[in-house]
Amino acid sequence: MKVELKELAIELYNVGAIRTGSFITKVGLETPIYIDLRVIISYPQLLLRLSKSLWSLVDNKDFSHVCGVPYTALPIATVISTESNVPMIIRRKEAKSYGTKKMIEGIFKTGDTPIIIEDIITSGSSIIETVKDLQNEGLNVTTALVIVDREQGGRDNLEKAGITVKTLFTITQLLGYLFESSKLSEESFKEIKDYINAVKAPLKVQDDNIRLKQTFMARANVAKNSVTSKLFKLMSEKQTTLCLAADFTVCQEIIDLADLAGPHIAVLKIHVDIIEDFDKSFVQKIKSISKKYNFLIMEDRKFADIGQVVSYQYKKGVYKIAEWADLITAHPVPGSGILQGIKEGLNEIAEDRGIFLVAEMSSEGALTTGDYVKSAVAMSKNSDLVAGFVCQKNIFTDPGLIQLTPGVKLTKSSDSLGQQYNTPQDVIHSGGDIIVVGRGITQSTDKLASILEYKKILWEAYESRIEDC
Ligand code: 5BU
């Protein structure tokens, strides 16, 4: 086995899967060794040997399935599956946004016992996420096979989670084989060894649910943006997570609804550009109602242009949104210039403002999926104006940001133009902090009763979330 491993290490080096020099990691750290096993799909014989060696690590091969962790380990899992005749399942990187929304592809049943295949472990978090999803489907996971252990605590984290890890190489062994076969000079061998020793400090697996466990009051203290902090506090005081979408086209109807709902809502959300009789007095009236009942006003403008134009759309034109909307929505699609444009639009505004980035939409077939969602979350990192995200599920961990979720009615349903509705309980448990309800209230015959009903159900769901998580 040792000879085979040494040969494999040299082969991996020869094909460029292991490189030495100076590299910058995903999280911006400098590293003298870089391992990227994606390249092995270009070398079928190497892929086969690697897969066979990995599979030989388990004596008792009594597993129901092999489960590859996307993407690098998928071809390895496929080879193991075809060579050993053990069926395969795949855990998706994100749930499908259409159809079944399932996380696991392939045929399986409750009680099945898959083995996980992964290329590299660092903290072990991607295996832990995979295990969680498999367990949610009733599968029983005990073992993971890994090609390289970076020796940064992943093994310990996984063992604590009840997963036995079998690895083909530790990074130290890999390095040793390369040194023995003169692929590394003594100098770089030493440098990389020192680096490995220095980074051996175990990484903690991030708890993705941390935000969901905390109270709004606690989160008010960690919010970077002052409107966000204010919002958390008023939600806590008024015991409401309700954002009412007052999608009326006549000013008076919005004003009447704001007066009725005021004591029970956290945010009044409007679309100012659908109003047919807009004038400045509308803004004054709605502002004074918001002060009287302590709720915030959101203009759901969904800005989406280059920074320069957005700065004008925000502060100029007929509506002068920057002057009165505590909160606005913006699409991340133009890139971070949109945040700068909005900031520019606030040059002469003294009050605090916040932006909700539209990371996901509620409508059927929305293109806001995959990497787009991740990039939207990443975009918020450098802006203190971002109050949170409009999204459908738990896509971020920062407890100082807010998840605003639209598409809510008492029963799961849809409208004839692509809107999709989930229930209040479902959206709160999917991470929703502020929940947007529009026609569920505005089309009801007794609007006040409806407002109180949504408020109560949502608040109870939030209380059960912080207890359960
Ligand atoms: P409804 O009547 O509850 O369907 O109204 C939903 C509101 O939320 C409406 O004002 C939309 O503009 C808003 N919305 C949405 O429904 N879905 C989204 O993804 C986003 C906003 Br972003």
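Select domain 1 and then domain 2: their C-alpha centres lie 41 Å apart. Domain 1 covers residues 2-198 and domain 2 covers residues 210-468, with bounds taken from an automatic or database domain assignment. The model is predicted, so local features need pLDDT of at least 70 and side-chain atom pairs count only at pLDDT 80 or more, while totals for chains, interfaces and linings use all residues. Residues are numbered from 1 along each chain as its sequence is written, and side-chain values use heavy atoms, with hydrogens and water left out.

Next, select the ligand. The ligand sits in the second largest pocket. A pocket is an open set of points, on a 1 Å grid over the protein atoms alone, where a 1.4 Å probe fits and protein lies on both sides within 12 Å along at least five of seven lines; a molecule sits in a pocket if more than half of its atoms lie within 2 Å of the grid points.

Now display the shell. Around the ligand there are 16 residues, and the closest are Asp247, Lys269, Ser362, Tyr421 and Arg439; a residue counts here if one of its heavy atoms lies within 4 Å. The shell divides into seven nonpolar, four polar and five charged residues.

- Asp247: a side-chain N or O atom is 2.6 Å from an oxygen atom of the ligand.
- His271: a side-chain N or O atom is 2.8 Å from an oxygen atom of the ligand.
- Gln419: a polar side-chain atom is 2.8 Å from an oxygen atom of the ligand.

On its own the ligand has 500 Å² of accessible area, and the protein covers 91% of it, by the Shrake-Rupley method with a 1.4 Å probe.

Then turn to the backbone. Pro70 and Tyr71 are joined by a cis peptide bond, with omega about -10 degrees. Tyr71 is in the loop between strand S3 (65-68) and helix H3 (73-84); helices (at least four residues) and strands (at least two) are DSSP runs.

Finally, select Lys302, which is in strand S11 (residues 296-303). Lys302 is not a glycine, yet its phi is positive, about 50 degrees.

How values were computed. Polar contact = N/O pair within 3.5 Å; in protein donor to acceptor, adjacent residues only side chain to side chain. 1 Å grid on protein atoms, 1.4 Å probe; cavity = no way out; pocket = protein on both sides within 12 Å on 5 of 7 lines; lining within 4 Å. Nonpolar A, V, L, I, M, F, W, Y, C, P; charged D, E, K, R; others polar.
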